[in-house]
Amino acid sequence: MQSNSVLHESSSRRNDLHMNLYARSLSLCLFALTSCVAIAADDSAKIKGFSTTQPDKGPFVAVEGGFMVPYTETIPGTEISFEMIPVPAGSYKMGSPASEAGHKEDESPQIMVNVDPMWVCKTEVRWMEYKEFMGMYKTFKEFVFRDMRKVTPENKVDAVTTPTELYEPSYTFEFGDDDDLPAVTMTQFAAKQFTKWLSKMTDTQYRIPTEAEWEWAARAGSTTAYSWGESADEIDQYAWYADNSPDGPSKVGLKKPNAFGLNDMLGNVAEWTIDAYLEDGYKIFEGKTVKASEAIKSIETADPRVVRGGSWEMEPEDVRCASRLYSVDEDWKMDDPNIPLSPWWFTSDPSRGVGMRLFRSWKPLSDEAMNKFWEIDSEDIEFDVMSRIEEGRGVLGLADPDLAEAAKAVRE
């Protein structure tokens with residue numbers, strides 16, 4: 001039989017052992033918790049345009065876990081950069097009432113739209129950025145010649161087509177091709193491929209917007225005909241249009257920005273959206289509250305597709321927040337001598353007043369959703385593109401983070 005002193009000693013040892021185990025467990029838990037917090041913070045730090053602390057100045061949008069903030073994106077392998085601005089979530093009435101001066105039937109019925117936060121490029125896409133994409137045509141051709149970076153069924157999901165060289169540059173560049181002028185005359189398909197190319201190179205989802213997203217960004221919280229008010233009296237401070245632009249579009253960012261900090265949303269060049277144009281306006285959404293990123297109107301033909309914002313060629317009533325323009329391929333490619341007609345370029349006005357702007361969702365979209373913003377959605381367009389590629393007048397190339405280095409290697 002053990003003595004009390006032995007029992008006491010044994011009990012003390014058990015208590016010491018339990019305490020040691022408890023301390024070790026607590027240390028491990030604290031280490032795991034600290035590691036999780038560090039990993040979460042590290043993941044947050046990897047999100048472009050996100051900060052865990054509120055900025056002292058400048059625009060920001062509060063979101064779960066922190067703040068969306070402006071950021072600058074640089075195209076890999078270049079010194080070309082552009083600025084993305086955070087735009088808040090909200091709800092608004094899309095379209096215009098019949099009482100609005102300049103109202104057209106295709107701007108109705110007005111519908112309620114819920115918008116998620118997003119980043120929007122401060123300016124329209126410039127020739128500076130778009131020419132880098134155009135230059136990929138020769139690079140992809142060189143890859144094919146050297147049997148490099150082959151496009152296969154397995155990796156075709158990352159492939160893009162690039163615009164062919166302009167058949168008649170004097171049309172597109174008649175009003176200049178300065179680096180800071182907005183890029184113009186690209187088709188909606190070319191605009192979509194540009195955003196896919198940029199997205200794959202930067203590992204960041206860029207795209208053209210839905211009509212509903214575009215109008216929210218243009219209105220910047222306003223409910224009036226223009227982002228600055230109901231009257232066009234102040235238009236010269238904010239927009240390039242027919243009366244102040246006799247010599248074509250102007251360099252981006254020279255006019256006052258709207259309340260979201262975005263320049264040239266109205267005027268200068270109209271901007272592509274992902275939507276098809278329907279003559280009855282927004283009737284398919286009548287009586288519904290729709291989500292801006294999903295309220296997409298689709299068709300199976302190459303046109304008509306919607307561009308928004310009006311251009312340097314247009315009157316004030318056509319650069320209202322609700323005004324709409326739609327593509328007509330037969331007219332916009334009237335002077336194209338190619339057969340089949342180019343799927344990448346327009347050759348006739350008003351396309352010299354048509355450009356694009358980059359959007360990015362706060363929460364990344366699914367691959368399926370992004371495909372709607374990037375890929376061919378019409379048999380007509382598919383026929384034109386594949387015919388060009390088969391004839392050697394077009395080319396497919398892989399867009400990925402390694403493209404910049406590979407392009408540099410073949411250009412040297």
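Student: Which residues make up the covered face of strand β4 (residues 71-74)?
Tutor: Strands are DSSP runs of E with at least two residues, helices are runs of H or I with at least four, and both are numbered from the N terminus. For cover, buried means under 20% relative accessible area, exposed means over 50%, and partly exposed lies in between, using a 1.4 Å probe and protein chains only. The uncovered face of β4 has Thr72 and Thr74. The covered face has Tyr71 and Glu73.

Student: What kind of model is this?
Tutor: Residues are numbered from 1 along each chain as its sequence is written, and side-chain values use heavy atoms, leaving out hydrogens and water. Local features need pLDDT of at least 70, side-chain atom pairs count only at pLDDT 80 or more, totals for chains, interfaces and linings use all residues, and the model itself is predicted.

Student: Which residue of β5 stands opposite Thr72?
Tutor: Two strands pair if DSSP finds at least two bridges between them. β4 and β5 (residues 81-87) pair in the antiparallel sense over four bridges. They form a hairpin with six residues between them, and Gly77 in the turn has a positive phi of about 80°. Opposite Thr72 stands Glu83.

Student: What is the strand order in the open sheet of three strands?
Tutor: Its edge strands are β1 (50-51) and β2 (61-63), each pairing on one side only. β2 pairs with β3 (residues 66-68) over three antiparallel bridges, with Val61 opposite Met68. The order is β1-β3-β2.

Student: How many residues of α6 are buried?
Tutor: Among the buried residues of α6 are Glu211, Trp214, Trp216 and Arg219. Just after α6, Ala220 takes a positive phi of about 50°. The helix is mostly covered, and its buried count is nine of nine.

Student: What is the relative accessible area of Thr195?
Tutor: Thr195 belongs to helix α5. Beyond its neighbours within four places in sequence, its contacts (heavy atoms within 4.5 Å) include Arg207, Phe373 and Trp374. Thr195 is buried, and its relative accessible area is 0%.

Student: How far is Arg207 from the ring centre of Phe373?
Tutor: A charge sits over a ring if NZ of Lys or CZ of Arg is within 6 Å of the ring centre and within 35 degrees of the ring normal. Another such case is Lys255, whose charged end is 4.1 Å from the ring centre of Trp240. Arg207 lies over the face of Phe373, and the distance is 4.5 Å.

Student: Is the pair of Phe140 and Phe143 stacked or tilted?
Tutor: Rings of Phe, Tyr and Trp (its six-membered ring) pair if their centres lie within 6.5 Å; planes under 30 degrees apart count as stacked, over 60 as edge-to-face and the rest as tilted. The structure holds 23 aromatic pairs. Both Phe140 and Phe143 are buried. Their centres are 6.2 Å apart and their planes at 35°, so the pair is tilted.

Student: What about the rings of Trp228 and Tyr238: are they stacked or tilted?
Tutor: This pair links distant parts of the chain, ten residues apart, with Trp228 in the loop between α6 (211-219) and α7 (235-238) and Tyr238 in α7. Both residues are buried. Their centres lie 4.9 Å apart with planes at 10°, so they are stacked.

Student: How many disulfides are there?
Tutor: A disulfide is a pair of cysteine sulfur atoms within 2.5 Å. Cys121 is buried at 3% relative accessible area, and Cys321 is buried at 0%. A search of the whole structure gives a disulfide count of zero.

Student: What share of the chain's residues is buried?
Tutor: The chain has eleven helices and 16 strands. Of its contacts with a separation of 6 or more, 76% join residues 24 or more positions apart. Among its 412 residues, the buried share is 51%.
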